[in-house]
Amino acid sequence: MVSIQEIRSITQPDLYDTVILQQEVSRLGYYMYPFQPKTSSTMALIEVHARSGGLAPAVAIADHQTEGRGRPGRTWYDKEGASILASVFFKLDDQSAIGPFANLIALRTCQTLQQVTGTGEIKIKYPNDLV
């Protein structure tokens, strides 16, 4: 397990171990697409996964998206080498819970990253992006 001190000592944004990440995601019971430094869109990968009857929960992670998708009709732009981009697929029994569930995940992820990095600079950009 990586300590908070080790995480804080990282000076470059893309120094995470994808093998350990894969192991931890699997340990939590998630299916994880093989890590790709660059992909067209993590959301596109998850959408294909969901439509083909793939297991849930599932996650797709990349450092850069060439065709990222934002809110309806918008393109998501990221700076290559400065982002961790992820899309997650869950199956919910109550479809009306999607909005509150997405908000809760964004809030808890933001709080966890603030605690691990020791900075309050991580913020939520509506509806569920962290910047």
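Phe 101 is partly exposed, with a relative accessible area of 29% (buried is under 20%, exposed over 50%, partly exposed in between; 1.4 Å probe, protein chains only). The model is predicted: local features need pLDDT of at least 70 and side-chain atom pairs pLDDT 80 or more, while totals for chains, interfaces and linings use all residues. Residues are numbered from 1 along each chain as its sequence is written, and side-chain values use heavy atoms, without hydrogens and water.

There are three aromatic pairs (Phe, Tyr or Trp rings, the six-membered one for Trp, with centres within 6.5 Å; planes under 30 degrees apart are stacked, over 60 edge-to-face, the rest tilted). Tyr 31 and Tyr 33 form an edge-to-face pair, with ring centres 5.4 Å apart and planes at 75°. Phe 90 and Phe 101 are also edge-to-face, at 5.0 Å and 90°. Phe 90 sits in the loop between β4 and α4 (98-117) and Phe 101 in helix α4, so this pair ties together parts eleven residues apart in sequence. Ring pairs join Tyr 30, Phe 90 and Phe 101 into a cluster.

| Residue | Relative accessibility |
|---|---|
| Tyr 31 | 34%, partly exposed |
| Tyr 33 | 16%, buried |
| Phe 90 | 29%, partly exposed |

Helix α3 (residues 42-51) has Thr 42, Ile 46 and His 49 as its buried residues (helices are DSSP runs of H or I, at least four residues; strands of E, at least two; both numbered from the N terminus). These residues cover an arc of only 60° around the axis, which puts them on the same side of α3 (directions from the axis to the C-beta atoms). The face turned away carries the exposed Val 48 and Arg 51. Just after α3, Gly 53 has a positive phi of about 80°.
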